[in-house]
Amino acid sequence: MGEVKEKKTNKNNEKSEEIPGVITTTTSAIHNLLKKSKVQDIINWGRKNSLWFMTQPMGCCGVEMIATGCAHYDTDRFGIIPRNSPRHADVMIISGYVTKKYLPALKRLWEQMPAPKWVICMGDCSISGGPFYESYSTVQNIDEIFPIDVYIPGCPPRPEALIQGFVELQEKIKAKKDRGTGY
């Protein structure tokens, strides 16, 4: 009458129970199924059409980032919505210079974001240092700290360039060639 049979171990040396009439599986088996099936394409479609970026304006590029989220450029039509909390955002925009004093806080924000998450590097200051190149207080080579998916050059880049950067990120997500996917 409804006996529970116990297997010895599976490939991960975990004990598992076999319950009659109930199909059980492992998390890795589910991930493998998603990677090989069309379900992953549907999930990627949803992810690419609902990119929520974290608003943390730095320097003059931050003004352009804020303008991109306003009514004139209407990023909502692309599913790109600004968020104030890192726990609700899946895209971090590094807009402008990053000082050595601000870097630990930026890393903490990155760690608080749920996976999968992406990074857009906006402006010459964040890409190469800009006029603050080799300054005593700014961080150089930000791509060694964060996995940058899209670079947007300019000083400061226009809001249209940021929208184009989001479109390129959407194409990367669709093609499964993005760096931020943790699935």
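I took buried to mean under 20% relative accessible area, exposed over 50%, and partly exposed in between (1.4 Å probe, protein chains only). Helices (H or I, at least four residues) and strands (E, at least two) are DSSP runs, numbered from the N terminus.

This is a predicted model, in which local features need pLDDT of at least 70, side-chain atom pairs count only at pLDDT 80 or more, and totals for chains, interfaces and linings use all residues. Residues are numbered from 1 along each chain as its sequence is written, and side-chain values use heavy atoms, with hydrogens and water left out.

Entry on helix α3. I looked up the buried residues of α3 (residues 59–68) and found Cys61, Gly62, Glu64, Met65 and Thr68. They lie on the same side of α3, because their arc around the axis is only 160° (taken from the directions from the helix axis to the C-beta atoms). Their cover includes β3, β5, β6 and α6 (159–175), with contact meaning heavy atoms within 4.5 Å.

Entry on strand β5. I noted that β5 (residues 91–95) is largely enclosed by the rest of the structure, because five of its five residues are buried. Val91, Ile93 and Ser95 are buried on one side, and Met92 and Ile94 on the other.

Entry on pairing. I counted two strands as paired if DSSP finds at least two bridges between them. β5 pairs in the parallel sense with β3 (residues 52–54) over two bridges, and Met92 is the bridge partner of Met54. β5 also pairs in the parallel sense with β6 (residues 118–122), over five bridges; there, Met122 is the bridge partner of Ser95.
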